[in-house]
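Me: Hello! Could you walk me through this structure in a few questions and answers?

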Amino acid sequence: MPHDPLQQYRDRFVGAESDLVYFDGNSLGRPLKVTAERLREFVLEEWGGRLIRGWDERWFDLPLTLGDRIGRTFLGAAPGQVAVGDSTTVLLYKLMRAAVAARPGRTEIVVDRDNFPTDRYVADGVARECGLALRWVDVDTSAGITAELLADVVSERTALVVASHVAYRSAYLADGSALTRIAHDAGALILWDLSHSGGSVPVELDAWQADLAVGCTYKYLNGGPGSPAYCYVAARHLDDLSQPIQGWMGATDPFLMGPVYTPTQGIRRFLSGTPAVTAMLAVSDMVDLVDEVGMAAVREKSVGLTEHAIALADEHLSGRGVTVASPRDAGWRGGHVTLHHRDMQRVVAALWERDVIPDYRDPGGLRVGLSPLSTSYDEVDRGIAAVRELLG
Ligand SMILES: *Cc1c(COP(=O)(O)O)cnc(C)c1O
């Protein structure tokens, strides 16, 4: 088993003591133990004690102060460009609408056929609403959206490219700076979905010169079920992009309750309604932890875990008909590994019965999600051994 210099951090998570093998931290991360205390304290003191005064004291700015911290620790984003609020789906809608409006006369949104369903569905809805067409990129489902594939479809018709940095199915890691450049060379904007990269793979939005991004906080950021998503809008676009859900929380002087909506300055204009304060607390704990460990060390362990899973699959499962449906080169792979077998649906159901919890993605894919700080190498060993037994 590989040496794990980050092993001690696993004890910071609830459930570290149990025998359960958790391969789904890329769908719902484990909570940190400190979060249980934080929530209790919040209810008793900050919410219960400060009551409505809490808005002036801290909560009103929390979407932006937490956004800045997420931007710095996970996204390679300078302050003032990241806000927390709404779900990923709603933020996708807001940013896609903003982007399309900023490219009048252009007629297409480019998205790949294997992008996450909500990304495809929202793009389809925005295209119909705005009279645009969807332009599909066909991709290999064991890989993802490459520079070559994207270069073939973008044109002077493209308003916006929507791409996932890490593909939810295969874990293919797209080239952030190359794809951004290809979109820009065609005069289009690009919107990155970072849901499967934030917290497992370093992201460099400013260095890529990305325009827009969204990402989820309940996966590798351990925010808890339904915790709010974040959005990034590059500083150079903040003055001229406008989003469609014109709520009071993104307006100038919300408490003046004025007669008309005037968007406020900066990233705050991308907020709409009252932020989900309680649900941001757990995310903040995860930012603290990754600041302590360092994102480079997190990525190093993430690579170690996926390499180990692939090595075990090759050694013990390939003879039983299992293939690796993720990139073999760690440089092109995010934080999970998909193993393919025609019987995987049955195998995943049986694994859940044994407290081995991966997830299943049709057709025939077992996703081994490896949340870097909360997954041990020993869990990988035991999980793959269980798959081997079930395949007989
Ligand atoms: C998990 C995930 C989402 C989730 O969207 P919600 O609005 O939180 O349901 C969106 N996009 C991608 C790529 C994801 O992996």
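**A sheet and a helix pair**

Reply: Gladly! Four strands make an open sheet, ordered E9-E10-E13-E12, with antiparallel pairing. Strands are DSSP runs of E, at least two residues, and helices are runs of H or I, at least four, numbered from the N terminus; two strands pair if DSSP finds at least two bridges between them. This is a predicted model, where local features need pLDDT of at least 70, side-chain atom pairs count only at pLDDT 80 or more, and totals for chains, interfaces and linings use all residues. Residues are numbered from 1 along each chain as its sequence is written, and side-chain values use heavy atoms, leaving out hydrogens and water.

Me: What is the bridge partner of Val324 in E10?

Reply: E9 and E10 (residues 336–340) pair in the antiparallel sense over two bridges. In E10, Val324 has as its bridge partner Leu339.

Me: How do helices H4 and H5 pack: parallel, antiparallel, perpendicular or oblique?

Reply: H4 (residues 88–101) and H5 (residues 117–130) have axes 10 Å apart and an angle of about 40°. Axes are lines fitted to C-alpha atoms, for helices over the stretch in contact (heavy atoms within 4.5 Å), and angles run from 0 to 180 degrees between N-to-C directions. Under 35 degrees counts as roughly parallel, over 145 as roughly antiparallel, 65 to 115 as roughly perpendicular and the rest as oblique. Therefore H4 is, relative to H5, oblique.
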